[in-house]
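My notes follow the order of the searches.

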Amino acid sequence: MREVLNPLLTGWQAGGIAGLATVVRTFQSAPRPAGASMLVTADGEVVGSVSGGCVESAVYDLATQVIEDGRPVLVRYGISDDDAFSVGLTCGGILDVFVEPVSQVSFPELAAVEQDITGSAPVGVATVIAHPDPSRLGRHLIIRPHGFDGDLGSERANRAIGDDARGLLAAGRNSTLTYGPDGERRGEGMRVFVNSYAPRPRMLVFGAIDFAAALARLASFLGYRVTVCDAREVFATPARFPEADEVIVGWPHRYLAEQVAAGLVDERTVVCVLTHDPKFDVPLLKVALTRGPFAYIGAMGSRRTHEDRLTRLREAGVGEAELARLHSPIGLDLGSRTPEETAVSIAAEIIAEQWGGTGEPLGSLADRIHHDDLDEPTSV
């Protein structure tokens, strides 16, 4: 919903009704992940995508129908020999899509959810997508770290689903959960999709150089909250890094240690060290490698710089297991020359690390394109 939130809220505030289609489960090589959304406004405008184009026309028709009759619907799209190019997925994947009407009546909590999302506060939306009682379809429970609001039809269901969904929110995961009709954990009949909206992951870029400016631009595009840090005040200025969310003047290792101690980094945080100067990067990398829960730690420099850096880090007491977490020289081998090309190389390695990619050309591989695909979705 994040990608369609602004136009969705605009129509909601005006008292209108829209059709919101959300991918709630995927099988095999599906083109969009669970949580991807497409909005059809009351005026027929389309925002977002559930399949990258494969089934959008069919979903548009369903959303228009939902706007008219107010009845939510869950539909599955997969490969079809008869109409693969009209309402099927030519990639061979399978999508479950839930289409619901959104208005002030059906989703009164939307404004509060929007405030949480735009304010980077963790929030999740649990939506009933299947139930023997049609009146429960489309009901929402708003999940926050310390509680929940809304009503899924019974207090038992609220408590069971609220507790489970808080775990998904803490991990920043989307998932479809299965329960009995009244929220029984061992039963079947009720299916609930939990869409988690965690704050943007952070990218900490150390070294106020032209490569950092290019990386900040690309990282912002990829959805990171970007911080650029350098001890040199003359270089670390907001004017030089307009795409960064913040520019910090300070010694890199001290700043990172403060962020770790304050709990302001997590397992999604990315650290990119572009200083390639021992007096900056050795103490900084020691903190990153020994104290942080980071998703990725990379350092720029030549192979000679890399070997010298490893020696200095070992002398500083960093162990081999910790050194194995370091990506250096940073980035994938793309033949990059310019700062912008180098930024793409770094981002490509980060993405590959996140999703288990190989960095090899897709045309040379026989495995699935999407490494996180499962034949069955995860359920709690």
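This is a predicted model: local features need pLDDT of at least 70, side-chain atom pairs count only at pLDDT 80 or more; totals for chains, interfaces and linings use all residues.

**Contacts, cores and cysteines**

Beyond its neighbours within four places in sequence, I found Met 203 in contact with Leu 215, Ala 219, Tyr 224, Arg 225, Val 226, Thr 227, Val 270, Cys 272 and Ile 350.

I next looked up the core around this residue. Met 203, Cys 272 and Leu 274 have the most contacts inside the largest nonpolar core, which has 26 residues. I noted the elements that each supply at least two residues of this core: strands E11 (202-206), E12 (225-230) and E14 (270-273), together with helices H5 (210-221) and H10 (339-355). Helix H5 gives the most, with 6 residues. Another core lies apart from this one; I recorded 24 residues for it, including Val 273, Leu 284, Val 287 and Phe 294.

I then turned to the cysteines. How many disulfides does a search of the whole structure find? The search returned 0. I checked the sulfur distances for the reason. The closest cysteine sulfur to that of Cys 229 belongs to Cys 272, and it is 13 Å away, so the two are too far apart for a bond. A disulfide would need the sulfur atoms within 2.5 Å. Starting from Cys 272, I found the closest cysteine sulfur in Cys 229, again at 13 Å and too far for a bond.

Are these two cysteines buried or exposed? I noted Cys 229 as buried, with a relative accessible area of 1%. Cys 272 is likewise buried, at 0% relative accessibility.

Technical notes: Residues are numbered from 1 along each chain as its sequence is written. Side-chain values use heavy atoms; hydrogens and water are left out. Buried means under 20% relative accessible area, exposed over 50%, partly exposed in between (1.4 Å probe, protein chains only). A nonpolar core is a set of buried Ala, Val, Leu, Ile, Met, Phe, Trp, Tyr and Cys residues joined through side-chain atoms within 4.5 Å. Helices (H or I, at least four residues) and strands (E, at least two) are DSSP runs, numbered from the N terminus. Contact means heavy atoms within 4.5 Å.
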